[in-house]
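Trainee: I would like a close look at one part of this protein. Please keep the salt bridges and the rings together in one account.

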Amino acid sequence: MAGTVESDHVDVVGTVGVVGTWVTADGHIRQELLRDGRYEEARGERRSAYTGRYTVTGSHLDYVDDTGFTATDDIRDGVLYHEHLVLYREQKSS
């Protein structure tokens, strides 16, 4: 399934498997993928260091930062490969 972005309209069909918080093993980078097709990325103590929108096509994600910067991700075996970073789904404590 694919997500698309056309001006202000975001179709987030297919995002269910990616929605949530993803974090590097050292916890320094946290990426929250929201249901509305937006994301917020924290770096260390800097919350919302990067924000923007993302779309999903199968297991591939495309990002457009609010400044216009672009990036891509792929999810393989439950791991999010974001450019040169490796992020893992954050497990909620019960």
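Which side chain does Glu41 meet in a salt bridge, and what is the N to O distance?

Mentor: Glu41 meets Arg43, at 2.7 Å, N to O. A salt bridge here is a side-chain nitrogen of Lys or Arg within 4 Å of a carboxyl oxygen of Asp or Glu. First, some ground rules. This is a predicted model, where local features need pLDDT of at least 70 and side-chain atom pairs count only at pLDDT 80 or more, while totals for chains, interfaces and linings use all residues. Residues are numbered from 1 along each chain as its sequence is written, and side-chain values use heavy atoms, with hydrogens and water left out.

Back to the pair. Glu41 is buried, at 3% relative accessibility. Arg43 is partly exposed, at 28%. Buried means under 20% relative accessible area, exposed means over 50%, and partly exposed lies in between (1.4 Å probe, protein chains only).

The whole structure holds three salt bridges. Another joins Asp66 and Arg38, whose closest N and O atoms are 2.9 Å apart. That pair links distant parts of the chain: Arg38 is in strand 5, Asp66 is in the loop between strand 7 and strand 8 (70–76), and 28 residues separate them. Strands are DSSP runs of E with at least two residues, helices are runs of H or I with at least four, and both are numbered from the N terminus. Both partners are partly exposed: Asp66 at 47% and Arg38 at 30%.

Glu90 and Arg30 also form a salt bridge, at 2.6 Å, N to O. Glu90 sits in the segment after strand 10 (85–89) and Arg30 in strand 4 (residues 29–33), so this bridge ties together parts that are 60 residues apart in sequence. Glu90 is partly exposed at 26%, and so is Arg30 at 32%.

Now the rings. There are two aromatic pairs. Rings of Phe, Tyr and Trp (its six-membered ring) pair if their centres lie within 6.5 Å; planes under 30 degrees apart are stacked, over 60 edge-to-face, and the rest tilted. Tyr39 and Tyr63 have ring centres 5.0 Å apart and planes at 85°, so they are edge-to-face. This pair also spans the chain: Tyr39 is in strand 5 (residues 38–43), Tyr63 is in strand 7 (residues 60–65), and they are 24 residues apart. Tyr39 is buried at 5%, and Tyr63 is buried at 2%. Tyr63 pairs with Tyr54 too: the centres are 6.3 Å apart and the planes at 35°, so this pair is tilted. Tyr54 is buried at 1%. Together Tyr39, Tyr54 and Tyr63 form one aromatic cluster.

The strands give the setting. Tyr54 stands opposite Tyr63 in strand 7. Six bridges join strand 7 to strand 6 (residues 46–57), and the two run antiparallel. Two strands pair if DSSP finds at least two bridges between them. Step back, and eight strands make a closed barrel, in the order 3-4-5-6-7-8-9-10, with antiparallel pairing. Neighbouring strands of this sheet are turned by 30° against each other on average, direction ignored. Axes are lines fitted to C-alpha atoms, for helices over the stretch in contact, and angles run from 0 to 180 degrees between N-to-C directions.
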